Structures are given as C-alpha cells and as structure tokens.
Amino acid sequence: MDKLDDDTIALLARRAYDIAASTPGVKVFLNDKRLPVNKFEDYCKLYLSSELDEVGNPVKLIYEKFTDRWEVAVACSEMGFQQVSFVNSIATTKGGRHVDHVVDQLVKSLSEMVNKKNKNSAQVKPFQIKNHMWIFVNCLIENPTFDSQTKENMTSQVKNFGSKCNLSEDFIKKISKCGLVEKINNWLAYKEKTDLEKAGSKSKVNKIKGIPKLDDANDAGTKESMNCTLIVTEGDSAKTLAVAGLGVIGRDKYGVFPLRGKMLNVREATTKQILDNSEVSNLLKIIGLNFKEKYETRDSLKQLRYGKLMIMTDQDHDGSHIKGK
C-alpha cells in the first residue's frame, strides 16, 4: 500500500469514536478535532441520528448507568436484533455473555408485559421480542475471556464477571413506553393475520381429498358452485339422515359434512386455537374461504366451492350453539 485506503481510514475513525465512548473522561481527537462524544450515551445516539420508526418519528433511546461497571442503552430495531458492546474498552462486535446477561433480563420482563396484555392471543416467544431490540452495553469485567484473538465474542461466565447488572424497574418501565412493547404487539397482530390468511383457500379447488366423512357435491368447485349447498350436520347419525335425503334430490348441488358436537367459538378463540382446530380448518377447505376476502360481491362469492350453507342440528342447546357460531 502506498497510502491508506478509505476503508482503513473509516475503520481508524470508528475506533477513535469507540475509545471516546468506552473511556469516559478521556478527550479523544481525530485529525486535531475533538470528537463530540463525552459519554457512552452520546455514542449510542450517533447510531440513531438518522433512524426513524414505522411512522416516521425519531427512534427513542433509553439509557441508564447502573454502576461504575455497567451502563446500558436500548432502542427499537427495524433490522432484527442488533447489539453494540464493549468489555474493558474492547469492542465485542459479536457480543457475548455480557450482552446475554442484560438481554435475558429485558426479554423476561417484556414478555410478561406483552403476554399479560394479550391473554387471549398467541403467547410471544423470547426470540420474537429479541428481534425488535437494539441494545448497547459498556461494562468492566474481571479477567474476561474470549473465543478468539480478535476478542469479538466474550465468553466469561456471569459468576466470574466480578459484578452484575441488575436492571431497575424504572428502566424497564421506560423501555416499555419507548414504543418497543407497542411494536411487538403490532408485529404479533400482523403475524396472526398472515397466519389466518395462509390457512384460507388460495384458489378454487374442484375435488378435495383427505377430509374424512365429507360427501362432496358433484358441482362443488365448478362454475355451478354458487348454486351448491353444504349441509353441516350434528354428528354422524344426522349425516346418515341427510345422505338419505340426497338419494331423492340428488348429489349434484348438495354436500354433507358432519360436525363432532359443538363447534369452537371462533369469536373468542385465539388465532392458534382456530388454526389448530381440525373442524374449522376442514370447513375452510370445503367451502373455499379466504381470510383476505369479505365476500360482499357476487364475483367474490363465485370463488367459493359452496354458495350456501345449511345447518342441520337438533332443536336443543347444543344445536342452538352450533347455529350461533
């Protein structure tokens, strides 16, 4: 090399900022100009200076110095889990157990908040919360160990840290109000919606296989499907009666499917309960329902395998519940 290339200069400049961030009280100059980083919080804000959230607002940073050995900052991430960390002023670009020590506490507290708010929905998993976090950690560890000579990943066990970072309730509360919990809830709602859409029918199917006890109408899934009626019965005995009737009026326009007792009340059920319920899944396939459609026009109704639904139940409480679902 006859001169320093741009990448090398950028790397050296980055390291100057790292030193300013991880050694408070030390004045750091780059090309005779003092860097505008007096503390770790200033350094963290540089990462977020051009970051915007989903609605175009600046991303909030929640920072706290817990002890002389631990300082942590948290923000929402739009690109999956991100971390920036230092151990004894060494930039651990791959993180390590010092980052896990902080993240595990955050994930546990936030998952309790999210799951408490969404009791009737699918419970959020730890990695799903972690994927929305951007965490910054600056700490001092006694005799740290690393997995390589580049010291990118710190491997010391928590018991050997020489100190612990116990996140305060006030810090957790601030994080919950910075938009992170709302972001996770919005993601969960979107995931439930897409899961439901995947469960629906993608296209009009002529013949259906693999659904036991279904007696499909001959014209179901054809251009005559609008005129077809699916008879839903309460149990196999009622199906026998319905099938006997079809012996008189024919099977071209009528199909029969027996239910196993009372149906799941989908209005109060979680997305997971709906997707895991075999009877609901079977009805979606038989009728050809798609969650993206509202079926308010005649053209949208033509996409279904059955244009009409007939409920055949006993005149008792169970029958009334089946009808009401």
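This is a predicted model: local features need pLDDT of at least 70, side-chain atom pairs count only at pLDDT 80 or more; totals for chains, interfaces and linings use all residues.
Residues are numbered from 1 along each chain as its sequence is written, and side-chain values use heavy atoms, with hydrogens and water left out.

A search of the whole structure returned 14 salt bridges, a salt bridge being a side-chain nitrogen of Lys or Arg within 4 Å of a carboxyl oxygen of Asp or Glu. Side chains of opposite charge can pair when their charged atoms come close. Helices (H or I, at least four residues) and strands (E, at least two) are DSSP runs, numbered from the N terminus.

One of the salt bridges links Lys39 and Glu41, with 3.6 Å between the closest N and O atoms. Lys39 is partly exposed at 39% relative accessibility, while Glu41, at 16%, is buried. Another joins Glu78 to Lys183, where the closest N and O atoms are 3.1 Å apart. Glu78 belongs to the loop between β4 (70-76) and β5 (82-87) and Lys183 to helix α6, so this pair ties together parts that are 105 residues apart in sequence. The relative accessible area of Glu78 is 38%, which makes the residue partly exposed; Lys183 is buried at 9%.

Salt bridges with shared partners also connect Arg14, Arg15 and Asp18 into one network. Within this group, the side chains of Arg15 and Asp18 form a salt bridge with an N to O distance of 3.9 Å. Arg15 and Asp18 are three residues apart in helix α1 (residues 6-22), and about one helical turn therefore separates them. An α-helix has 3.6 residues a turn, so residues three or four places apart point the same way. Arg15 is partly exposed, with a relative accessibility of 33%, whereas Asp18 is buried at 3%.

No disulfides, defined as pairs of cysteine sulfur atoms within 2.5 Å, were found in the whole structure. For Cys44, the nearest cysteine sulfur is that of Cys139, 13 Å away. Cys44 is buried, with 0% relative accessibility. The sulfur of Cys139 has its closest cysteine sulfur in Cys165, at 8.5 Å, which is too far for a bond. Cys139 is likewise buried, at 1% relative accessible area.

In helix α5 (residues 169-176), the buried residues are Phe171, Ile172, Ile175 and Ser176. Viewed down the helix axis, the buried residues of α5 fall within an arc of 140°, so they line one face of the helix; the arc is that of the directions from the helix axis to the C-beta atoms.

Backbone angles were also examined. Most residues other than glycine have a negative phi. Asp32, however, has a positive phi near 65°. This residue is placed in the loop between β1 (29-30) and β2 (33-34) and is exposed, at 78% relative accessibility. Lys213 also has a positive phi, near 70°, and is found in the loop between α6 (180-199) and β8 (229-234).

Note on methods: Buried means under 20% relative accessible area, exposed over 50%, partly exposed in between (1.4 Å probe, protein chains only).
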